[in-house]
Amino acid sequence: MTSTARPLLNRRLAEFGTTIFAEMSALALKTGSINLGQGFPDTDGPEEIREAAVRALRDGRGNQYPPGPGVPELRTAIAAHQERRYGLSYDPDAEVLVTAGATEAIAAALLALVEPGDEVIALEPYYDSYAACIAMAGGTRVPVTLRPADGSFRLDLDELRAAVTDRTRLLLINTPHNPTGTVLTREELAAIAELAVERDLLVITDEVYEHLVFDAAEHIPLVTFPGMRGRTVSIGSAGKTFSFTGWKVGWVTGTPDLVTAVRSAKQFLTYVASGPFQYAVAEALALPDSYFDDFRADMLAKRDVLAAGLADAGFEVFRPAGTYFVTTDIRPLGETDGFAFCRALPERAGVVAIPNAVFYDHREEGAPFVRFAFCKKVSVLEEAVGRLKKLAG
């Protein structure tokens, strides 16, 4: 038995236990429920891209350590994607870094750029790795809360400006935003850029849902605004766009000094990963625009199936402008505690969801909100909606 005079887990990570995703996924298995909690598709991505990975394996490409920055084919494809989609020009050799998914990119960027005591502002609610990675870097997280307004969650720019102090080092911006589905507008992004320049702040932008924007929303990379090129680390990922989340292929783009800084931390995390899959993702990024259009249209249809079903079941639904998550308010069902609601939901209705409060520092702000994922087969969503209608009765 281990004996120690102090707790084994260091104090920076002591507040973080097993993630809610592990808890709820285990509950889904135990109860045989439909898992609309964790955000992974229940079908694979394009067959030609899966075959590209098989071909790379058979040809012996990537079976040994790939180059530290990522295989040249993928770095070139990432740069071409940024140029084609957004008119951004990046040097594949100096300004692109391949990572083990976006989660490692976030961790490496924060570990590289944040000193102990620095303040990091993040939009709350936020992806749960943000808080843990800020803590591992020794930083202090400062949440700025997105709040419900007119059917969506919106950023208060005055609150963001007021949150910046002399100790603020970095803004961590996620758009399209998980879990709320908010897509920041051009005006909001311009204001964030002006603030970053005025206060000389670094910015990390998590853009993994860049290809999942709906209706009139538009994804505009923050780095395209004046003064942002030299202070922005942009993060992308193949998992969400091509439905191969298990491959763990992400990337960082930025100026040479920023990418070098992130690589300095990344090399001591995984060093390299996902060798054969990198070649496949290089081919995926070169797919025609029709792939991205069809992918978005498919997810939009699934969003509408789930959103309509949740409304019929009695939830207040915040129809997302991006991502593949729907946030709901459970108060119309007579509920106020998202944790209790989600833990009881598998037995009540045979469906698993995630309480949004886990994404908040201010747990009370997120208490009545619950997130459902719609990146599933339509037949699965329809079955889930049918089960959830029991709540309305």
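## The sheet

Two strands pair if DSSP finds at least two bridges between them. Strands (E, at least two residues) and helices (H or I, at least four) are DSSP runs numbered from the N terminus. In this predicted model, local features need pLDDT of at least 70 and side-chain atom pairs pLDDT 80 or more, while totals for chains, interfaces and linings use all residues. Residues are numbered from 1 along each chain as its sequence is written, and side-chain values use heavy atoms, without hydrogens and water.

Let's start with the open sheet: seven strands lie in the order E2-E10-E9-E8-E7-E3-E4, with mixed pairing. Strands E2 (96-99) and E4 (140-145) stand at the edges; each has a single partner strand, so one side of each has no neighbour in the sheet. From one strand to the next, the twist averages 20 degrees.

## Strands E3 and E4

Which way do E3 and E4 run relative to each other, parallel or antiparallel? They run parallel, and six bridges join E3 (residues 119-124) to E4. Glu119 stands opposite Thr140 in E4.

## Two helix residues

Now for helix H4 (residues 101-113), which holds Leu111. Leu111 is partly exposed, with a relative accessible area of 35%; the label covers values between buried (under 20%) and exposed (over 50%), using a 1.4 Å probe and protein chains only.

Arg75 sits in helix H3 (residues 72-86). Arg75 counts as buried because its relative accessibility is 7%. Beyond its neighbours within four places in sequence, Arg75 has contacts (heavy atoms within 4.5 Å) that include Pro69, Asp93 and Val98.

Methods: Axes fitted to C-alpha atoms, helices over the stretch in contact; angles between N-to-C directions.
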